Amino acid sequence: MLTQDTHPMGWKAEAFTLPDCDGNQHSLDSLMGEKGLVLVFMCNHCPYVVAVADRLAADARTLMDEGFGVAGINANDFIAYPEDSPAKMKLYAEKWALPFPYLVDEAQHVAKSYGAVCTPDPFGFSAAGELQYRGRLDDARRGDASGRTPELVNAMRMIGETSSGPAEQFASMGCSIKWSR
């Protein structure tokens with residue numbers, strides 16, 4: 001079960017508008033898919049994110065094909081961590097062929113209001129915008145993914161069918177978000 005301090009299941013996603021690496025604006029409503037939405041707080045330099053980048057991109061394609069919206073949000077202080085700058089985000093998105101918008105939360109308001117704590121930190125919302133999943137991408141983490149269980153994909157499929165997520169969810173593990181001072 002989740003051990004981190006988090007919003008309760010059923011919490012309504014707070015509206016936001018953030019730019020992507022190219023400056024295009026994306027709102028919560030514009031990102032929402034017919035069946036729901038996955039928001040992944042992530043960054044470029046975290047070894048946990050790098051280790052799952054190919055799986056994250058593949059799982060996102062699967063979910064997007066099934067009617068879910070997906071977006072990545074980088075809230076790291078890119079002044080202190082230049083590897084996470086918007087220009088580097090664009091290169092990262094191209095390198096890993098991310099099929100979703102990769103958004104810049106420069107003021108860190110979205111990450112704080114959502115209670116994001118690490119990278120990667122996936123949030124799964126129902127079509128009604130209610131939090132139903134706050135877990136990890138899969139059970140492989142940074143290890144061998146050949147026999148992995150795609151927990152995020154499975155949870156979102158359940159949410160798409162029932163509007164509720166699984167009873168058992170395991171917190172994501174990763175690097176802490178780099179908050180500005």
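## Helix 5 and the residue after it

In this predicted model, helix 5 is followed by Ser163, and the phi of Ser163 is positive, near 70°. The helix itself covers residues 151–162, a run of 12 residues, and from its first C-alpha to its last it reaches 16 Å, which is close to the 16 Å expected at 1.5 Å a residue.

Which residues of helix 5 are buried, and what covers them? The buried residues are Glu151, Leu152, Val153, Ala155, Met156 and Ile159. Their cover includes two elements from the stretch between residues 36 and 65, namely strand 3 (36–41) and helix 2 (47–65), and it also includes strand 4 (68–74), strand 7 (121–126) and strand 8 (131–133).

## Burial of strand 7

Strand 7, one of the elements that cover the buried residues of helix 5, is itself mostly covered, with 6 of its 6 residues buried.

## Strand partners of strand 7

Strand 7 pairs with strand 3 in the antiparallel sense over 6 bridges, and within strand 7 it is Gly124 that stands opposite Val38. Strand 7 is also joined to strand 8 by 2 bridges, and these two strands run antiparallel, with Phe125 standing opposite Leu131 in strand 8.

The hairpin of strand 7 and strand 8 has 4 residues between the strands, and in this hairpin Gly129 takes a positive phi near 80°.

Terms used. Residues numbered from 1 in each chain as written. Predicted model: local features only at pLDDT ≥ 70, side-chain atom pairs only at ≥ 80, totals over all residues. Heavy atoms only, no water. Expected span 1.5 Å × (residues − 1). Buried < 20%, exposed > 50% of the residue type's maximum accessible area, 1.4 Å probe, protein only. Contact = heavy atoms within 4.5 Å. Pairing = 2+ DSSP bridges.
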